[in-house]
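Could you walk me through this structure, stop by stop? I have it open in my viewer and would like to know what to select next and what is there.

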Amino acid sequence: MLDMQRALDLKALAATCPLTAGDYKTARYALPVADGAVSLELVAPQGTGHVDAGNEDVFLFVLDGLFSINGTGMTEGQGSKVSAGTAFDWSATPGTRLFAMGVTEAEKGEPGVVAIDPAAVMSPSNPPPAEYLTGPTPECQSAPAWRSCKGQFYGGTWSATPYYRKKVPYVHDEFMYLLEGCVSFVNEAGEKQTFKAGDAFLICRGASCSWESLEVVKKVYVIFRPTEL
């Protein structure tokens, strides 16, 4: 049984969980969630297929392999949001593994696919709250890619100078993919986990952990933060 109080190494999990390659819509391994407001899944698509328009905004991230949406390919380390109302044809090479994060979109919006650009120009953004920090306040920058589902579902890129944050409970589900640097987390059980550039991981609502980065960190992030807790 998965320990949802720790960060989940998604590449390692995709390599070991009971997941059989097949159709994009059914070759899935569902991760435990706090409620039905978000879906968190590992997907093992292989071959080709079609997906009808649905009512979810879905973020797809390639952990391994090559996945194409309407002829546009995504390779390892790339991610995009497929907006609600978007039908698409897909193809996937053998061995492809995806992480999928879906949230129902109640308001009708513009269909399409929104990619997160790791090279997007970033602007200064707010640092973590001062009461959570031990030591200097970091300088942070971000480049939001989208915000949807009444503002609860959003993603982009973010960077920060080194800092240490105390253990705090997560009130959101957050996917992270490190583009630069290294970060360590210590959870309530005292377990230390360290991730480096190229790692993809997930921290879910209810988990409590510290953050320690000794160098500049840059990441892709995707967050679901429900407005009603």
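Start by selecting Glu-41, which counts as buried at 18% relative accessibility (buried means under 20% relative accessible area, exposed over 50%, and partly exposed in between, with a 1.4 Å probe and protein chains only). Glu-41 sits in strand 3, which spans residues 39-43; strands (E, at least two residues) and helices (H or I, at least four) are DSSP runs, numbered from the N terminus. Before going on, note that this is a predicted model, where local features need pLDDT of at least 70 and side-chain atom pairs count only at pLDDT 80 or more, while totals for chains, interfaces and linings use all residues. Residues are numbered from 1 along each chain as its sequence is written, and side-chain values use heavy atoms, leaving out hydrogens and water.

Next come the salt bridges. How many does the structure hold? There are 7 salt bridges, each a side-chain nitrogen of Lys or Arg within 4 Å of a carboxyl oxygen of Asp or Glu.

- Select Glu-191 and Arg-6, whose side chains meet in a salt bridge (2.6 Å, N to O). Glu-191 lies in the loop between strand 17 and strand 18 and Arg-6 in the segment before strand 1, so the pair ties together parts that are 185 residues apart in sequence.
- Select Arg-205 and Asp-35, which form a salt bridge at 2.9 Å, N to O. Arg-205 is in the loop between strand 19 and strand 20 and Asp-35 in the loop between strand 2 and strand 3, so parts 170 residues apart in sequence are tied together. Arg-205 counts as buried, at 15% relative accessibility, whereas Asp-35 is partly exposed, at 34%.
- Select Lys-81 and Asp-57, joined by a salt bridge at 3.3 Å, N to O. Lys-81 is in strand 8 and Asp-57 in strand 5, 24 residues apart. Lys-81 and Asp-57 are both buried.

For the next stop, select Pro-128, His-172, Glu-174, Ile-223 and Arg-225. Among the 26 residues lining the largest pocket, these lie nearest its centre. The lining divides into 17 nonpolar, 4 polar and 5 charged residues. Strand 15 is one of the elements that give two or more residues to this lining. A pocket is an open set of points, on a 1 Å grid over the protein atoms alone, where a 1.4 Å probe fits, with protein on both sides within 12 Å along at least five of seven lines; lining residues have an atom within 4 Å of a point.

Finish in strand 15 (residues 163-169) by selecting Val-168. Val-168 is buried, with a relative accessible area of 12%. Leaving aside neighbours within four places in sequence, Val-168 is in contact with Tyr-132, Ala-207, Ser-208 and Cys-209.

Technical notes
Contact = heavy atoms within 4.5 Å. Nonpolar A, V, L, I, M, F, W, Y, C, P; charged D, E, K, R; others polar.
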